[in-house]
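This report describes the fold of a single chain and then examines selected residues within it. Please consult the sequence and the three-dimensional view while reading.

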Amino acid sequence: MTENTPATPKTAVLPPRHTTPPARFSHGVIKGGLLQVAGQVGFGPAEPGQSPSPVGPGLREQTLQTLENVRAVLEEGGSSWEDAIMIRVFLTDTEHFAEFNAIWDEYFAGLTQPPSARTTVYVGLPAGLLVEIDALAVL
């Protein structure tokens, strides 16, 4: 193996209804039995000729859409929430933490295996966006 030859191939994952990333990155990448989902936000399904926009101004709408966008990448990559081992949550406002956790607990109530590890950090996001979520899953 030379220095420029990867040990295992890397495959990009792009669900068909996702918007094109705004820069040179993949919505998901599979390599060596892992699926890394890039940070997803609360954009609705891609519509030809329209710029992506948040599904609503509220935390609930954006969180549920963001989780669905992560789920879409997981499933397109052959995985699921049950396979996720690490999830990072990026919130724009510390005041949203309790509401976010309530939405989170409701969304993941049906898990049959232990929940993934999770980290929550507070960040600035583009105007109108309240939450971003990424995930790491084992295939």
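Of the contacts in the chain with a separation of 6 or more, 71% are between residues 24 or more positions apart; contact means heavy atoms within 4.5 Å. The model is predicted, so that local features need pLDDT of at least 70 and side-chain atom pairs count only at pLDDT 80 or more, while totals for chains, interfaces and linings use all residues. Residues are numbered from 1 along each chain as its sequence is written, and side-chain values use heavy atoms, with hydrogens and water left out.

**Overall form**

The chain contains 2 helices and 6 strands, and along the sequence these follow the pattern β-β-β-α-β-α-β-β. Helices (H or I, at least four residues) and strands (E, at least two) are DSSP runs, numbered from the N terminus. For 139 residues a compact globule would have a radius of gyration near 14 Å, and the 16 Å of the chain agrees with this. That radius is taken over C-alpha atoms, and the globule rule is 2.2 Å times the number of residues to the power 0.38. The C-alpha trace spans about 50 × 40 × 25 Å along its principal axes.

Buried residues account for 37% of the 139 residues. Here buried means under 20% relative accessible area, exposed means over 50%, and partly exposed lies in between (1.4 Å probe, protein chains only). The accessible surface of the chain is about 8,000 Å², and carbon and sulfur atoms contribute 56% of this area. Accessible areas come from the Shrake-Rupley method with a 1.4 Å probe, and for residues only the protein chains shown count as cover.

The chain carries 8 positive and 15 negative charges, whose mean positions are 8 Å apart. Lys and Arg count as positive and Asp and Glu as negative, whereas His and the chain ends are not counted. Each charge is placed at NZ of Lys, CZ of Arg, CG of Asp or CD of Glu.

**Strand pairing**

Two strands are said to pair if DSSP finds at least two bridges between them.

| Strand pair | Sense | Bridges |
|---|---|---|
| S1 (residues 10-13) and S2 | antiparallel | 4 bridges |
| S2 and S3 (residues 34-41) | antiparallel | 4 bridges |
| S3 and S6 (residues 131-138) | antiparallel | 6 bridges |

Strand S2 covers residues 28-31 and has two faces: Gly28 and Ile30 lie on the covered one, Val29 and Lys31 on the uncovered one. Leu35 in turn has Ala137 as its bridge partner in S6. The hairpin of S2 and S3 has 2 residues between the strands, and Gly32 there takes a positive phi near 55°.

In space Ile103 and Arg60 are 6.8 Å apart, C-alpha to C-alpha, although 43 residues separate them in sequence. Beyond its neighbours within four places in sequence, Ile103 is in contact with Leu59, Arg60, Thr63 and Leu64.

Ala102 also lies in helix H2, but it counts as partly exposed because its relative accessibility is 47%. Ala102 and Arg60 are 42 residues apart in sequence and 9.6 Å apart in space, C-alpha to C-alpha.

**Two loop residues**

Ser116 is found in the loop between helix H2 (97-107) and strand S5 (117-122). At 18% relative accessibility, Ser116 counts as buried. Its contacts, leaving aside neighbours within four places in sequence, are Ala84, Ile85, Met86 and Ile87.

Leu130 lies in the loop between S5 and S6, and its relative accessibility of 16% means that Leu130 counts as buried. Leu130 and Gly58 are 72 residues apart in sequence but 8.0 Å apart in space, C-alpha to C-alpha. With neighbours within four places in sequence left aside, Leu130 is in contact with residues including Pro57, Gly58, Leu59, Gln62, Phe90 and His96.
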